[in-house]
Amino acid sequence: MYVKTVQNGRSMIEMLGVLALIGVLSVGGLAGYSKAMMMWRSNIQRNMLAELISGVVELKNNLYGNSDVGGELELTPVLGAMGLLPEGTKYANNWIQDKYGVRAQVARLGVPWQNKDGSTSSARVFVIRLYYVPTAGEGVSPYRELCRNVVHVTKPMANEIAELRSWDTQDDSSKYKIIYYGWNLADETVTETEQKCKNVALGHHMTIVFKF
């Protein structure tokens, strides 16, 4: 006897289940992709900061013997002229800029380093000012990532770092707080850095203060 077999299609509930599964997998894939992109950008930022610091060290070696300049000496254009810009950055409008929102300025202060007891040392003070220019909707996260990366790249040279500062606004006349002094930067932990950088807010900027 011939029996005709009828194959029914998937029920609506089954289809909804399949669509839900696809949605979950898609969200998971996007989250993984976003995390990988963040890590990739963070690594690029660390390399850029490390190269920028190397440029400042080279400038320091050339300028160390100079007498007091009587004021701040702007070094950002000098870095550009000497070809000491980090890979992937450009010099424009008195700024070193990368393509991911970070802008930097470099300067040498015109006075020797002042110690806590009020005395001065022969050390010269160089600063790197770091600003983040967010795109729409980015929020505070990139500021905190910049803070973490600054700590990471400066830790190996803690003996030449005076302070890492976070400023309330993008204005050096605003209030600032010390994230790290050089003497405790050397012993920082990931947990400690994470906690300190959580306090960096939208619109803040950072300054690396070198005491060479």
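Biologist: Which pattern does the protein follow when it is read along the sequence?

Modeller: Read in that direction, the protein follows α-β-α-β-β-β-β-α-β-β-α-α-β, which comes to five helices and eight strands, where helices (H or I, at least four residues) and strands (E, at least two) are DSSP runs numbered from the N terminus. This is a predicted model, in which local features need pLDDT of at least 70 and side-chain atom pairs count only at pLDDT 80 or more, while totals for chains, interfaces and linings use all residues. Residues are numbered from 1 along each chain as its sequence is written, and side-chain values use heavy atoms, with hydrogens and water left out.

Biologist: Why is T76 called buried?

Modeller: Buried means under 20% relative accessible area, with over 50% exposed and the range in between partly exposed (1.4 Å probe, protein chains only); T76 has 0% relative accessibility and therefore counts as buried. T76 belongs to helix 2 (residues 76-81), and, leaving aside neighbours within four places in sequence, T76 is in contact (heavy atoms within 4.5 Å) with Y91, N94, W95, I96, A104, Q105 and V106. Across the protein, buried residues make up 37% of the 212 residues.

Biologist: Which residues of the largest nonpolar core touch the most other members?

Modeller: A nonpolar core is a set of buried Ala, Val, Leu, Ile, Met, Phe, Trp, Tyr and Cys residues joined through side-chain atoms within 4.5 Å; of the 37 residues in the largest one, L52, I128, L130, V150, L164, I208 and F210 touch the most other members. Helix 1 (12-63), strand 4 (102-108), strand 5, helix 3, strand 6 (161-167), strand 7 (176-181) and strand 8 each supply at least two residues of this core, and helix 1 gives the most, with seven residues. Not counting residues up to four places away in sequence, V150 touches L49, L130, L164, M206 and I208.

Biologist: What lines the largest cavity?

Modeller: The lining consists of L130, Y131, Y132, Y143, L146, V200, H204, H205 and M206, and the elements that give two or more residues to it are strand 5 (125-132), helix 3 (141-154) and strand 8 (205-211). Strand 5 gives the most, with three residues.

Methods:
1 Å grid on protein atoms, 1.4 Å probe; cavity = no way out; pocket = protein on both sides within 12 Å on 5 of 7 lines; lining within 4 Å.
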